[in-house]
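Have the structure open and follow along.

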Amino acid sequence: MSEAPLKRTPLHDLHVELGARMVPFAGYEMPVQYPTGIIAEHQHTRAKAGLFDVSHMGQIRLRAAGGDVEAAARALERLVPGDIVGLAPLRQRYTLFTNEQGGILDDLMVSNAGDHLFLVVNAANKDGDLAHLQRHLAGQCEVTAVTGRALLALQGPAAATVLARFAAKAAQMPFMSVDDLMIDGVACFVSRSGYTGEDGFEISVPVEQAERLARRLLAEDEVRPTGLGARDSLRLEAGLPLHGQDIDPTTTPVEAGLGWVVPKRRREQGGYPGAAVIADQFAAGPSRRRVGILPGGKQPARAHTEIQDKSGRRVGELTSGGFGPSVGGPVAMGYVEAGLAEPGTELNLMVRGKAVAARVAKLPFVPHRYYRG
């Protein structure tokens, strides 16, 4: 049987025009890099601003009867361990869909848009997430896939300066806030967040205006197009997990170092899938933990590389790895036995059958630079 044809985002023709190398990703044809290359795009985002097409991500709206956002929040809390009821208007929160074993079905952003909740979920999981929500929240919320909007991410220390030229209010938005902004005459729903560890914004824009807005942002001196390659190296340096690699249905929030998404009220009350398993891990500690790894030498170690202790015993596996342009060397993340998770612990990585010295490192490798206001 032939595979389904790859989908295209509304910016596909612009990517091709700009010389992008297009690759399959999550069922879409996506730009992995432009002619300047991944390292240049990475470094430019750290120094100024990169524009990413993230229109492949899923955008979903949850609305309870009469626009009762608290009712929608209570309903969503049946599926996630986060505090959604306490999410103030025009604020956003990172949370997780969990299964009955405490595993992570997906990670997502939830925004309180005033009369509904607005969710952004991962591209590879968006159909499953939509069905999951519709199945479990039927009769409590109207669950709608937002199909008429693209999503742009403007990331880097110059992002606020650039966006404020079009919408002055953007400069005052703190990290993890959202608002409706007019950007170059286009009505957009904007969050101050992203997936690079840098300050920046994600911009939900009507499909028919997406290319024009992207071109307008790219016309600013500080902004360059940036592809999936730099997105991956930026998030890896920032210690941000990728679902399907660093977190998945077999990993729990506690193992993944994401226990902070489960506040005290939810730890005590439970009421979400896998709550008992997660509570046990908070109490007793998990058997393994996600950690940063700094390989010795200059050769990057990739996902699925075996991790051994110094006696040669297998103690874990890398989930992400590559070259960190801002670090100036290889960086990686993976899971090790909990007793070996302390920063500075010496390990070996089995790269092409050869033991390469490595050590556990504190995450993130590059400090986050979010704007707190």
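The notes below go through the cavities, a pocket, the aromatic contacts, the cysteines and the backbone.

## Ground rules

This is a predicted model, so to speak of local features a pLDDT of at least 70 is needed, side-chain atom pairs count only at pLDDT 80 or more, and totals for chains, interfaces and linings use all residues. Residues are numbered from 1 along each chain as its sequence is written, and side-chain values use heavy atoms, with hydrogens and water left out.

Helices (DSSP runs of H or I, at least four residues) and strands (runs of E, at least two) are numbered from the N terminus.

## The largest cavity

A cavity here is a set of points on a 1 Å grid over the protein atoms alone where a 1.4 Å probe fits but cannot get out, and lining residues have an atom within 4 Å of a point. Grid points are joined across faces, edges and corners, and a volume is the space filled by probe spheres set on the points. The count comes to three cavities of 30 Å³ or more.

The largest cavity holds about 90 Å³. Its lining includes Gln92, Met109, Phe118, Phe189 and Glu202. Four strands each put in at least two residues: β6 (104–112), β7 (117–121), β11 (186–191) and β12 (200–206). By class, the lining splits into five nonpolar, five polar and one charged residues.

At about 70 Å³, the second largest cavity has a lining with nine nonpolar, one polar and one charged residues. Among the lining residues are Leu11, His15, Tyr34, Asp53, Leu218 and Pro225.

Which element gives the most to this lining? That is β3, with three residues. α1 (12–17), β3 (49–53) and α6 (207–218) each supply at least two.

## An open pocket

A pocket, by contrast, is an open set of grid points with protein on both sides within 12 Å along at least five of seven lines. The second largest pocket has about 300 Å³ of space. Of its 18 lining residues, Tyr28, Met57, Lys126, Val146 and Thr147 lie nearest the centre.

β4 (58–63), α4 (126–137) and β9 (149–155) each bring at least two residues to the lining of this pocket.

## Rings on rings

Rings of Phe, Tyr and Trp (its six-membered ring) pair if their centres lie within 6.5 Å; planes under 30 degrees apart are stacked, over 60 edge-to-face, and the rest tilted. That gives three aromatic pairs. Tyr94 and Trp260 are stacked because their ring centres are 5.7 Å apart and their planes sit at 25 degrees. This pair links distant parts of the chain, with Tyr94 in strand β5 (92–98) and Trp260 in the loop between α7 (228–237) and α8 (264–269), 166 residues apart. On accessibility (buried is under 20% relative accessible area, exposed over 50%, partly exposed in between, with a 1.4 Å probe and protein chains only), Tyr94 is buried at 15%, while Trp260 is exposed at 57%.

Phe118 and Phe189 make an edge-to-face pair, 5.1 Å centre to centre with 70 degrees between the planes. Phe118 in β7 and Phe189 in β11 are 71 residues apart.

## Charges over rings

A charge sits over a ring if NZ of Lys or CZ of Arg is within 6 Å of the ring centre and within 35 degrees of the ring normal. Arg267 has its charged end over the ring of Phe282, 3.7 Å from the centre. Arg288 lies over the face of Tyr335, at 4.6 Å from the ring centre.

## Cysteines and backbone

With a disulfide taken as a pair of cysteine sulfur atoms within 2.5 Å, the whole structure has zero disulfides. Cys141 is buried at 11% relative accessible area, and Cys188 is buried at 2%.

A cis peptide bond joins Leu363 and Pro364, with omega about 0 degrees; Pro364 is in the segment after β19 (354–361). Asp184 has a positive phi near 55 degrees, sits in the loop between β10 (178–183) and β11, and is partly exposed at 28%. Arg352 has phi near 50 degrees, lies in the loop between β18 (346–351) and β19, and is exposed at 72%.

Note on methods:
Nonpolar A, V, L, I, M, F, W, Y, C, P; charged D, E, K, R; others polar.
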